[in-house]
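Me: I'm new to this one, so let me put it on screen and ask you about it piece by piece.

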Amino acid sequence: MMDGYRVAQIREAEARAIAEVGAEALMQRAAAGLATAILRQLPRAYGSHVLVVAGSGNNGGDALFAGARLAARGVQVWCWATGESMHAAGWAALRAAGGREVDDVAARQLLPRLDAVVDAVAGIGSRPGLDGPVAAFAQACRELDVPVVAVDLPSGLAPEPPFGEAPHFVADLTVTFGGYKLCQLLQPAKQACGEIELIDIGLELDEPSVRVWQPDEVAALWPRPRPVDDKYTRGVVGMDTGSVDYPGAAILGCAGATYSGAGMVRYLGDPKVAASVLSRFPNIVTAPGRVQALVVGSGWGDRKEKGVIGRAIATGMPLVIDADGLRHLTTPGHPGVLLTPHAGELAYLLGMERTALTADPLAAVVRAAEQTGCTVLLKGATQYVATPGVATVQVAVAGPAWTAQAGSGDVLAGICGTLLAAGLKPVTAAVLAASAQAMVAARHRGPIPPQELAAVLPTWIGDLEG
């Protein structure tokens, strides 16, 4: 997993390390790792051309000391100081190694000759955005396709949510120190960071703010039936979903549950929809009976029945509440209840504007978990899972944007139900379900309808066995 930290957490860890080993030692560790990473990006060491764009802070110092190491290897290094000053010791080291200073005009003229630009204008403590000449230079780097190596983060990018639209560098490689920053792991900022390389400089960090799952971790935890299992021990999922107006939600949810490996799926929704479900999935059982998890809410539409969500919560059974069911959530839940809203539904649940939520979805999903008492999976380009009382938010494996289409959430709710019925904790079930859908979509790219993506889940799950 990749652990991401807020600025305050990094700053506290840096302060502890500085008190122990000193600021100079930390900077030299960072410079050594940065220089090695830059060298890997160059066609060769001797004779390559690199421009260091340095601000006045410690990021600039890291880059200047790294530039001195590059110059010692035969790289021709220039430096453009974007602030009123440079890190004095770093500049002295680079100048002693043969580095030369240029102004903004000369820096622009050098661009076509460069093998790399080292962006060290601003660090995690700076405000988002770039001043005019630097913003124009960053744009020129993109237009001329000059490789950019960002120091800690692309300058101008907010290090953590909310992420705005301010001008910033776009990096091919971001070399970061001590721990991943949230902008390197969460969209839309992540796309500006390129490849990310983490350099260990000896920081001792506390619990992360986010934990981003990787495909191999999803594969390792996906439940597999034992030789002694039967349909009941594998897990029975109850589906109270769909309506006459939205029968497709019932079919899609049952597809997600069936194709993700449920031992049995019971359709417990609108009897008028049952025939449509059975015509597509004759394996579905419509008779009432025991279930190990229940999925409710998808495609309910304007359901008039009162208290259905409260009664389901009161049973203590693992429960997925999706879509229209969220509007019936009037009583506090418990962590065994999994809510699966998209941004608009979560905004409604929290009584806030959608634009405010999308500006900082990480804060919103944490607030939702604490306010409702439930585990919350916020669907979207980045999919977050928060549990009440737990500081770290889990982030699912990301998938292609093609999955943002009607019906995907219904399938996802069914997959969540299967995993809950198999005995997984809600937070794990949510992360695995969201990741599975993303990973299958990444394997089958394009505008493939959610029911067809659901149908290839068995092949994907079978491959996990390999």
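Me: Is D152 buried or exposed?
Reply: This is a predicted model, where local features need pLDDT of at least 70, side-chain atom pairs count only at pLDDT 80 or more, and totals for chains, interfaces and linings use all residues. Residues are numbered from 1 along each chain as its sequence is written, and side-chain values use heavy atoms, with hydrogens and water left out. Buried means under 20% relative accessible area, exposed over 50%, and partly exposed in between, with a 1.4 Å probe and protein chains only. D152 has 5% relative accessibility, so D152 counts as buried.

Me: Where does D152 sit, and what is its phi near?
Reply: D152 belongs to the loop between strand 6 and strand 7. Helices (H or I, at least four residues) and strands (E, at least two) are DSSP runs, numbered from the N terminus. Most residues other than glycine have a negative phi. D152 isn't a glycine, yet its phi is positive, near 75°.

Me: And D145, which also has a positive phi: is D145 buried or exposed?
Reply: D145 is in the loop between helix 6 (132-144) and strand 6. It isn't a glycine either, and its phi is about 60°. With a relative accessible area of 65%, D145 is exposed.

Me: What kind of peptide bond joins Q187 and P188?
Reply: P188 is located in the loop between strand 8 (180-181) and strand 9. Omega for the bond between Q187 and P188 is about 5°, and the bond is cis.

Me: How far apart are the C-alpha atoms of V320 and T340?
Reply: V320 is in strand 14 (residues 319-322) and is buried, at a relative accessible area of 0%. Its contacts, neighbours within four places in sequence aside, include T340, L338 and C416. V320 and T340 are 20 residues apart along the chain, and their C-alpha atoms are separated by 7.2 Å.

Me: How many disulfides are there?
Reply: A disulfide is a pair of cysteine sulfur atoms within 2.5 Å. The sulfur of C79 is 14 Å from the closest cysteine sulfur, in C141, and that is too far for a bond. C254 is in no disulfide either, with the nearest cysteine sulfur, that of C416, 14 Å away. The count comes to zero.

Me: Which residues of helix 4 are buried?
Reply: Helix 4 covers residues 88-96, and its buried residues are G90, W91 and L94. They span an arc of only 95° around the axis, so they are on the same side of helix 4, where the arc is that of the directions from the helix axis to the C-beta atoms. The face turned away carries the exposed residues A88 and A96. The buried ones, which pack against helix 3 (58-72), strand 3 (76-81) and strand 4 (100-102), are G90, W91 and L94.

Me: What angle do the axes of helix 16 and helix 18 cross at?
Reply: Axes are lines fitted to C-alpha atoms, for helices over the stretch in contact, and angles run from 0 to 180 degrees between N-to-C directions. Angles under 35 degrees count as roughly parallel, over 145 as roughly antiparallel, 65 to 115 as roughly perpendicular and the rest as oblique. The axes of helix 16 (residues 426-443) and helix 18 (residues 457-465) come within 10 Å and cross at roughly 100°. That makes the two helices roughly perpendicular.

Me: What share of the protein chain's residues is buried?
Reply: The chain holds 18 helices and 18 strands. Its C-alpha atoms fill a box of roughly 80 × 40 × 40 Å, taken along the principal axes. Of the 466 residues, the buried ones make up 55%.

Technical notes: Contact means heavy atoms within 4.5 Å.
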